[in-house]
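The stops below are given in the order in which they may be selected.

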Amino acid sequence: MKVLAGVDYIFQQNSSISDSSKSAFIYSGILTFRYQLTQKLGVYARGELFNDANGILTAKVYDAQNKLTGFVLTGETAGLEYKISDNSYIRLEGRQIQMDKDQKIFRTDGAYTNTRTEVMLHAGVWF
């Protein structure tokens, strides 16, 4: 089993949404697990969090409380990867992104929501 963890912390002077003379910050983290079931078949899972409440790197949006804010989210991903050859693969992956409860930026079935769920099929080759 392979485990990967990462943490980032960023700050920027004069960037706070509420007071432009104050510094703002971003923090994020990721934790990934990968297990090779056979030589060709592996599974993986990833959890992540991202907090850019002052919108330094992300878009600034008005939330459900009409407050200007940057993106605050968590996400989970799980997948199955099959290696077709030494330099190609096919993956089936599921992901869910959960924004802050008041950040309804996704549109599903005609309504705005703070959650996005997706299933993807990927194929890749490298030389």
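Predicted model: local features only at pLDDT ≥ 70, side-chain atom pairs only at ≥ 80, totals over all residues.

**A tour by selection**

Begin with Asn14, which lies in the loop between β1 and β2; strands (E, at least two residues) and helices (H or I, at least four) are DSSP runs, numbered from the N terminus. Asn14 has a positive phi of about 55°, although it is not a glycine. Most residues other than glycine have a negative phi. With a relative accessible area of 53%, Asn14 is exposed; buried means under 20%, exposed over 50%, and partly exposed in between, with a 1.4 Å probe and protein chains only.

Residues are numbered from 1 along each chain as its sequence is written, and side-chain values use heavy atoms, with hydrogens and water left out.

Select Asn66 next, in the loop between β4 (61-62) and β5 (68-69). Asn66 also is not a glycine, yet has a positive phi, of about 60°. Its relative accessible area is 61%, and it is exposed.

Now display the strands. Six of them form an open sheet in the order β1-β2-β3-β6-β7-β10, with antiparallel pairing; two strands pair if DSSP finds at least two bridges between them. β1 (2-12) and β10 (115-125) stand at the edges with a single partner strand each, so one side of each has no neighbour in the sheet. From one strand to the next, the twist averages 15°, where axes are lines fitted to C-alpha atoms (for helices over the stretch in contact) and angles run from 0 to 180 degrees between N-to-C directions.

Within this sheet, select β2 (residues 24-36) and β3 (residues 41-51), which pair in the antiparallel sense over 10 bridges. Arg34 stands opposite Tyr44 in β3.

Move to Leu37, in the loop between β2 and β3. Leu37 is partly exposed, at 45% relative accessibility. Leaving aside neighbours within four places in sequence, Leu37 is in contact (heavy atoms within 4.5 Å) with Gly42 and Val43.

Val119 is exposed, at 68% relative accessibility.
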